[in-house]
Each structure stands twice: as structure tokens, then as C-alpha cells.
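Student: I would like to go through the aromatic contacts of this model. Please take them one at a time.

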Amino acid sequence: MSARRPTTALLKFLSQQWSMAVLTLAIIVVSAGASQSSDQMPAGRGVSVAEVGAQSRSMIGWTTFCEAQPAECAPEKLTPVRVMLTAAAWSELAAINDLVNREIQPIADDEHYGIYRMGIRNWWTYPDDGKGNCNDYVLLKRKLLIKAGWPKSALSMTVVLTPKGEGHLVLMVQTDRGDLILDNVHERVLVWNETGYEFIRRQADDDHNVWVSFRHGGASVLQTSSDIKLLRFNSR
Amino acid sequence: MIATLLRLAALPFLLAAAPGESPVTQSEAPMVARQAVERRLKDDGPLRFSEMTVRVSQKMPGYVVCGTVYLRNGSVERFFVVTPGSFAVLERDGAGLVAKYWRLNGC
């Protein structure tokens with residue numbers, strides 16, 4: 001037991017450093033950013049998508065979120081789809097991303113809730129008081145998109161590593177123009193392979209309580225064929 | 001005095017969405033919506049709310065609140081609040097978002 005203490009202390013220290021680094025970066029980038037217009041919509045051809053492989057272990061943040069708010073994680077079989085990214089859908093996606101990035105104030109979990117003294121290392125929740133970290137931005141963007149009619153199966157919470165090796169959470173939106181990333185660090189919605197992140201795992205398309213690993217270096221060119229179900233929804 | 005001290009000591013644990021916090025109930029939803037709108041419009045107050053409607057959320061757990069608010073300058077703005085999330089989308093946010101949320105939620 002005692003041998004574990006230095007490891008626990010180190011993890012706590014690293015977690016604190018990670019939170020502060022990501023928070024600082026978020027403040028700098030979000031405050032400097034500008035909103036994204038429809039003329040910056042990703043190109044439609046030859047866009048790569050991030051390949052996923054085997055089932056992975058769940059994220060502890062998701063597990064504790066589900067324990068705290070079980071209705072959010074009720075079993076639900078989803079039909080995998082890719083959203084047809086019309087100009088209207090793109091405009092809506094960019095608007096919701098901009099809105100949440102602009103209105104939610106970044107703050108580290110421990111500074112926000114004092115979770116470390118409760119023995120909690122990572123706390124995913126909605127930013128109910130207008131403040132939050134990357135997990136909270138992702139949950140709120142996901143909810144606002146679903147409420148606007150976007151299919152849940154096309155919206156996957158996604159774990160990445162930043163170029164500095166820091167853990168981070170973003171929202172991946174699967175579209176016919178590639179896998180797009182909504183992020184509170186990068187102001188603009190980017191195609192996944194433009195972010196500079198290493199992709200670790202995300203929620204499975206057909207079951208958001210299942211997490212799947214990304215294939216390292218795995219990318220394929222999007223084929224608009226019968227094996228990809230495209231969904232055009234009323235975005236107005 | 002003791003009760004006040006206990007309440008102050010517990011304050012960090014009573015923040016919305018904090019560990020151990022209970023989900024918002026339907027009867028609490030209007031108050032949460034007011035707070036969410038006030039947070040967005042803090043420079044436009046005092047605000048006067050009217051026509052607030054609470055509905056059970058259809059696609060996600062929780063509630064949605066639709067309503068209109070009168071700003072200090074006399075203008076009127078529609079809003080849409082989701083809870084959990086306690087986030088207000090306003091007409092000024094553009095992209096036809098509030099109109100769409102109202103339509104999809106029968107507001």
C-alpha cells in the first residue's frame with residue numbers, strides 16, 4: 001500500500017499540471033479566436049476519417065459521469081451514420097461550437113469543485129454554472145447538437161493527447177466531409193488530422209457506453225458507398 | 001450561527017454539477033433557466049421574464065425551458081435553456097438556433 005503512495009502523488013501532480021496547461025492554452029486560444037464562417041467548410045473529396053479498432057476500456061470520467069447521472073447513459077442501440085454536411089448544417093455546427101467556446105469560462109476541475117480532496121481525479125459534468133474544463137465543453141456541445149436534431153451516433157466523445165502529451169477530450173462529428181473535431185482549445189472546427197493530436201479512443205458509433213481505440217496512424221479515405229449510411233437532416 | 005457555518009463549509013459541495021449534486025427537478029427548471037439567461041444577459045438587466053414553458057426533454061434526459069425576456073432597453077429576446085447544462089441559447093446567437101430549438105421542442 002505504501003509503495004503506491006508516491007505513484008498516487010505523482011499522478012495527482014501530473015494531473016494538476018495537465019489541467020493547468022490545457023486550461024492556460026484554452027484561455028489563450030479561445031480568447032484570441034474568431035468565429036468560423038460557412039466558407040471555411042471542409043472540402044468534400046478525399047477527406048480521411050480516423051479508423052477505430054478494438055473495444056477499449058471505458059474512461060473513468062465517463063464511468064463516474066454515468067454513476068452521477070445514470071439517465072445520460074441509459075443503454076441505447078444507435079444506428080451509425082455520417083451527417084451530410086450541407087452549408088446549413090456546417091453553419092449550425094460552427095455556431096454551436098463558437099457559442100459554447102465563447103460563453104463557458106475555462107477552469108480546472110479541482111479549482112472548480114475541489115475534487116482532489118474528495119478523492120476524485122477527473123470529473124466529467126455539464127458546466128451548469130457557466131464554467132468548466134474540456135470534458136464539460138464536450139458534454140454541452142454534444143447535448144446542444146442532439147437537441148438540434150444531430151444524430152447521437154455521429155457525435156463521439158474522443159480522448160486525444162496533445163503534442164505535449166497531455167490528455168484532452170474533444171467531440172468528434174462524423175460527416176461526409178470527414179471526422180470533424182469540436183474543441184475548446186482549437187477555436188475552429190477542424191478535420192481530425194489537422195489538429196495535431198494523437199487520437200486514443202472514442203465512443204463507439206453504435207453504443208456510447210462502449211469505447212473503442214483508434215488504430216495508430218489509421219486513416220482511410222472516405223467512400224460514399226452503400227456501407228456508409230449518410231443522414232441529411234433538417235438543419236433549419 | 002452554527003447552521004450558517006455549516007452551510008458555508010458545505011458551499012463548495014453545493015455548486016451546480018458538483019460531485020454529489022442532485023439533478024435539477026422539473027419544479028426547479030424555471031429558476032435554473034432564469035439564472036442561465038441572467039448569466040448570458042448580465043449587462044442587459046434588469047430582466048423581466050414572461051411566457052416561460054418547461055418541457056421534458058425528448059432526446060436527452062432532463063428538461064428544456066423556452067421563454068421570452070424583456071431587456072432593460074425595452075427589446076424582447078426569445079431563449080431556450082437545457083438542463084442539465086443550465087445553458088441558455090439566445091436569439092442573438094444567430095444561425096436560427098432558437099427558432100429551431102423552439103420548433104423541435106414544441107415551444
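**Aromatic rings and their neighbours**

Tutor: A:Lys143 lies over the face of A:Tyr126, 4.6 Å from the ring centre. A charge counts as over a ring if NZ of Lys or CZ of Arg is within 6 Å of the ring centre and within 35 degrees of the ring normal. The model is predicted: local features need pLDDT of at least 70, side-chain atom pairs count only at pLDDT 80 or more, and totals for chains, interfaces and linings use all residues. Residues are numbered from 1 along each chain as its sequence is written, chains are lettered from A and ligands numbered from 1 in the order in which they are written, and side-chain values use heavy atoms, with hydrogens and water left out.

Student: Which residue lies over the face of B:Tyr70?

Tutor: The distance to the ring centre of B:Tyr70 is 4.3 Å. The residue is B:Arg48.

Student: How do the planes of A:Trp62 and A:Phe65 count: stacked, edge-to-face or tilted?

Tutor: Rings of Phe, Tyr and Trp (its six-membered ring) pair if their centres lie within 6.5 Å; planes under 30 degrees apart count as stacked, over 60 as edge-to-face and the rest as tilted. Here the centres are 5.5 Å apart and the planes stand at 40 degrees. The pair is therefore tilted.

Student: Is A:Phe65 buried or exposed?

Tutor: Buried means under 20% relative accessible area, exposed over 50%, partly exposed in between (1.4 Å probe, protein chains only). A:Phe65 has 0% relative accessibility, so the residue counts as buried.
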